[in-house]
Amino acid sequence: MLEERKLVTVLFADIVGSTALGSVEDPELVRRTLAKAFGEMRRLLEAHGGTVEKFVGDAVMTVFGTPQAHDDDAERAVRAAFALRDGIATLSASLPFPLQLRIGVNTGQVVTGGEGAETLVTGGPVNVAARLQQSAAPGEIVVGALTRKLVEGGVRFGPVRQIDAKGLGPLEAFPAEALVTALPEQHRGLGELRAPLIGRDAELRLLRESYEKVGHERAAYLVTVFGQAGVGKSRLVREFVEIVGPEHVLRGRCLPYGSGITYWPLYEMLRADAGIRGDDPREEAARKLRAAVIAAFGDASEDAEAVARRVAVVAGLATVEEALPNIAAADVGDELRWAVRRYFEQRAQPASLALIFDDIHWAEEPMLEMIEHLGEWSRAPLFVLCLARPELRDRRPSWGGGLMNAAAVRIEPLSEDETRRLIAALLLVDDLPESLRATIVARAQGNPLYVEELLRMLIDAGHIERRDGRFVAARNIAEVAVPATLQGLLAARLDQLPPAVKRALQRASVVGKVFYADALSALGPLEGRVEDLLQFAARRDLVVERDERGPGGGRAHQFKHILIRDVAYESLPKEERSRLHARGW
């Protein structure tokens, strides 16, 4: 693995008082107990996508964001911290003595990889994470300022406190008190500011007309909305839900990590529809779900009872062995698909029902099969709406293609004029200096999330401030950097590429936003033909081909977004950048 600079989140967890245990408990007992605890900690950390770097004494260090970056690494780390704390508390009930954890989580840019590297990552953020962990009380989770910002909306925090970190000076520490359930679009944005839907009239009309068609024809219809992260899929769906009414909608999200998540969107839908609370005992939750099924069918018929037993498996309230003791393992999938379809068919009477599946590019195969089954075989007014990134097509090129009642829509970036309107709507003004507005437009390049996060960064930095209830420019700036809230998202796209393609784009970033294949070849050999590598990147919507050719006859290309170029450039170690620039770029 080549040396790189990366934005990662580091988690330190320490078992409280383990040193003292060695002096009062039998050392063999302590060793076995800690080994069991460490095994559970590793399982939970890896289930959330973390890479355990090392166990040192009674502490563990884990990195989220390497070797593979994800757009939610900070959220994964904080969720892993809660899972660790609660998991060790549960495990303690079966241990000879209780255990508690102190946990610190911090996000920042580090150096990773390189020949002969003895550690996963190095850099100041690692030291800060360790100091945060040391400052935590038993059972407490403390995060750094950037981590807090990245998980805003998904975590409830206590009052900030200052800690005096030896060798680092004063640090802000934020105690994480609880996880908060939020839809994807609620994690980001400008707080209370809500812009009107801009530039999506045709797409919204298609969704509305498709939903109405379902009601008229009393038949199912599957629509998939494709688009890159931040382009506005969730914002479009929020507008759609407001039009049809949330009482006609059930919604669930596919998760990118974790155990037992195969049918997670249906788990969320069924529990929400049955009114099951997170703190309901299993028996009470099962009773509510069965009551919801009986109410949907109108009686406790044999069909209703069969459906209730099967959907209880999907809702996490029964095992396959409990619900389907006489069903062969090979037939379980068919049984669950039948039951879920029958339940939603009954729920879609008499009014149409919309089932919204978020992030199906992360869905496991049984979940994708379930969605297509609902779209193809349902005989009721079910509107099945899916949101996906384009990479779903890499896994399932024929997604929805074989269905007569299916459609797909691609969300494209906003135009420059639409981007300017979005800026004005978010800030409630249109009198920013033209140079600043033009800079935001150029760097966002039509992605609404990029617009929001660039504005948020400028507000946080004091370049735009609120006066008399309005946002105005406090001072102008020449450059706008990539917000940390977008670095992970863009780095994740680059990390999903084959290494040779990523390396080509890193080289291209040194040349500039526009680059020639000849220039990349001149910077040194790559693994594969440059033209083939760039064609692959173009299929992933990272670069576009231009009409002109370079001095050697090779095609010119440009990065689809200047922010992609910036993140690729920032991932190169400074020494490597200097070496490439010394070759003439």
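## Chain overview

Of the 585 residues in the chain, 54% are buried, where buried means under 20% relative accessible area, exposed over 50%, and partly exposed in between (1.4 Å probe, protein chains only). This is a predicted model, in which local features need pLDDT of at least 70 and side-chain atom pairs count only at pLDDT 80 or more, while totals for chains, interfaces and linings use all residues. Residues are numbered from 1 along each chain as its sequence is written, and side-chain values use heavy atoms, with hydrogens and water left out.

The chain holds 23 helices and 19 strands; these are DSSP runs numbered from the N terminus, helices being H or I with at least four residues and strands E with at least two. The radius of gyration is 26 Å, close to the 25 Å that the globule rule gives for 585 residues, so the chain is as compact as a globular protein of that length. That radius is taken over C-alpha atoms, and the rule is 2.2 Å times the number of residues to the power 0.38.

| Chain property | Value |
|---|---|
| Box filled by the C-alpha atoms, along the principal axes | roughly 75 × 70 × 60 Å |
| Radius of gyration | 26 Å |

Among contacts with a separation of 6 or more, 72% come from residues 24 or more positions apart; contact means heavy atoms within 4.5 Å.

## Residue A522

A522 lies in helix α20, which covers residues 517-522. A522 counts as exposed because its relative accessibility is 55%.
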